[in-house]
Amino acid sequence: MKERNGKKSVHEAMGMEVSRRDFLRTTAVGAAGFAVGSLPFVPFTYGASTPIRIGMIQENTVGATAYGYWLTKVARASVAKLNAEGGISGRKVELVEYDTKVNPAWASSMFKKLILEDKVDFTMGSVHSGVQMAVFPLAEQYKMPYIGGGAMAAGLTGKDAIAYYSRIHTHARMQAAAGWKWGFDNLGKNWTFLVADYAWGHSLAEEFGSRIKAAGGKTQTILAPQNASDFVPFLQKVDPESKVLFTAFLGAPALGVMRQTVELGLHKRLQRYTVICCTDGVGQETVGKESAGAHYLSYYPRYSSQVPKELQAYDKAYRKAIGMTDDAKDASDPKNTATVSHMWTMWTTPYMIKLAVEKSGWKDSKKNADFMKAFNTLKVKAGPWAPQGDLVMRENDHQGFHDHYLEEVQPNLSLKVIARVPKEKLMYDAPVDLRAKL
């Protein structure tokens with residue numbers, strides 16, 4: 001498939017597409033009801049090569065547990081599928097897991113345990129930027145490949161980047177690149193940012209705000225404690241001329257600020273806009289009727305009906321494999337809403353490790369640098385292992401790029417995709433060049 005003027009199409013530029021026959025073969029298990037507990041016998045024989053061990057850290061207790069639950073669940077299903085299909089280079093894959101307790105110091109000790117005691121070959125996981133930063137020195141010291149799981153601080157693949165870390169998903173700078181123009185053109189040119197007073201909130205306000213101002217718009221930033229429960233004093237400071245209210249809080253404060261905009265009647269004159277991180281893993285029935293009309297920037301449509309048509313077959317197999325319903329609920333617990341926009345990273349990462357091992361000829365840690373070089377030049381096609389769509393890694397800063405979506409809360413509280421932003425529009429200049437450090 002070629003575009004006009006003889007230029008290669010996006011599909012061609014990214015490599016060979018998965019054929020329908022390959023797709024049907026590789027998803028045959030999933031289509032039949034793929035679940036971790038019902039996997040077929042793994043074809044590994046006694047005396048074969050030692051397993052490849054992937055160490056994983058996640059937020060399973062204390063805080064951000066919805067992310068920990070789903071990212072762990074998805075990672076287990078991914079490794080099970082990988083083993084059912086022959087593992088990596090004929091070697092079985094084992095997953096070794098630890099809880100971060102949302103404590104950078106504790107997480108760092110567990111990361112060291114993974115390296116020195118569990119003898120893992122690769123590491124992945126965590127949605128917490130502070131946790132990821134805490135383990136960076138260990139990844140560098142032991143030249144341990146570490147693939148992040150959902151942390152959004154731009155600096156992780158920017159000013160704080162290290163050679164043995166890669167991120168396959170979005171972050172604040174990419175989200176701004178994806179969402180500012182649409183909001184500027186469709187919602188208004190004067191914005192107020194009411195964000196959590198810590199790095200993530202600051203980063204979103206700065207990344208979106210700088211673009212709004214550069215385009216001739218006007219911005220106001222109001223900082224509030226990340227655990228605030230009463231937003232009235234902050235909402236009363238909103239500039240009367242603002243047309244867009246961009247908020248960024250997690251958990252209960254995210255719901256609180258949404259509801260209090262309605263209590264004060266601000267929803268009648270302000271367009272409300274945020275990133276899906278604020279309520280990923282929270283059912284719309286919990287977010288409440290106050291969210292109707294609000295807009296979210298997301299990284300994977302929550303509902304299967306909103307997934308682009310060409311991805312729906314992959315999405316269907318993926319949802320079945322991990323035990324997620326079409327409306328993003330846990331198949332075994334309809335009260336549990338999935339963190340759809342984040343957890344796909346733990347589905348795709350083990351497969352990308354497989355691709356990089358095969359591409360680099362990796363057999364043990366002596367070739368970890370070659371593994372990282374291979375990983376960060378991968379171009380993964382939409383398919384059974386990439387239900388979110390094509391994904392391209394950049395070798396300069398070890399950052400991955402994928403499509404984003406604008407979703408609008410309907411009167412019945414469902415989320416409807418109203419725009420899709422292709423990854424090609426999100427590619428900013430690489431802030432660092434790690435190629436000489438491997």
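# Close-up views of a predicted model

**View 1. Threonine 192 stands opposite leucine 245 of strand β8.** The two strands of this view, β6 (residues 190–196) and β8 (residues 244–248), run parallel and are joined by five bridges; helices (H or I, at least four residues) and strands (E, at least two) are DSSP runs, numbered from the N terminus, and two strands pair if DSSP finds at least two bridges between them. The model is a predicted one, in which local features need pLDDT of at least 70 and side-chain atom pairs count only at pLDDT 80 or more, while totals for chains, interfaces and linings use all residues. Residues are numbered from 1 along each chain as its sequence is written, and side-chain values use heavy atoms, with hydrogens and water left out.

**View 2. Strands β6 and β8 belong to an open sheet of seven strands.** The order is β7-β6-β8-β9-β10-β16-β17, and the pairing is mixed. The edges are formed by β7 (218–224) and β17 (415–421), each of which has a single partner strand, so one side of each is left without a neighbour in the sheet. From one strand to the next the twist averages 25°, where angles run from 0 to 180 degrees between N-to-C directions and axes are lines fitted to C-alpha atoms, for helices over the stretch in contact. Helix α10 (residues 252–263) packs on this sheet and touches β6, β8, β9 (271–275) and β10 (295–298), with a direction that makes about 180° with that of β9; contact means heavy atoms within 4.5 Å.

**View 3. Three further strands form an open sheet in the order β13-β14-β15, with antiparallel pairing.** Strands β13 (379–380) and β15 (399–401) stand at the edges and have a single partner strand each, so one side of each is left without a neighbour in the sheet. Two bridges pair β13 with β14 in the antiparallel sense, and valine 380 stands opposite leucine 391 in β14. Three bridges pair β14 (residues 391–394) with β15, again in the antiparallel sense; here valine 392 stands opposite phenylalanine 401, and methionine 393 has glycine 400 as its bridge partner. Strands β14 and β15 form a hairpin with four residues between them, and histidine 398 in the turn has a positive phi of about 65°.

**View 4. The side chains of β14 point two ways.** In a regular strand the side chains alternate between the two faces of the sheet. Leu391 and Met393 point one way from β14, whereas Val392 and Arg394 point the other way, and all are buried (buried means under 20% relative accessible area, exposed over 50% and partly exposed in between, with a 1.4 Å probe and protein chains only).

**View 5. Helix α7 (residues 172–186) crosses helix α8 (residues 199–214) at roughly 45°.** Two packed helices are described by the angle between their axes and the distance between the axes. The axes of α7 and α8 come within 9 Å at this angle, which makes α7 oblique to α8; angles under 35 degrees count as roughly parallel, over 145 as roughly antiparallel, 65 to 115 as roughly perpendicular and the rest as oblique. Helix α7 contributes Ala172, Arg173, Gln175, Ala176, Ala177, Gly179, Trp180 and Phe184 to the contact, and α8 contributes Ser203, Leu204, Glu207, Phe208, Arg211 and Ile212. These residues divide into eight nonpolar, three polar and three charged, where Ala, Val, Leu, Ile, Met, Phe, Trp, Tyr, Cys and Pro count as nonpolar, Asp, Glu, Lys and Arg as charged, and the others, Gly among them, as polar.

**View 6. Helices α5 and α6 pack at an angle of about 40°, their axes 8 Å apart.** This angle makes α5 oblique to α6, and the crossing is right-handed. The contact is made by Pro104, Ala107, Ser108, Phe111, Lys112 and Ile115 of α5 together with Gly130, Val131, Ala134, Val135, Leu138 and Ala139 of α6. By class, the contact holds nine nonpolar, two polar and one charged residues.

Methods:
A crossing is left-handed if the near helix is turned anticlockwise from the far one by less than a right angle, and right-handed if clockwise.
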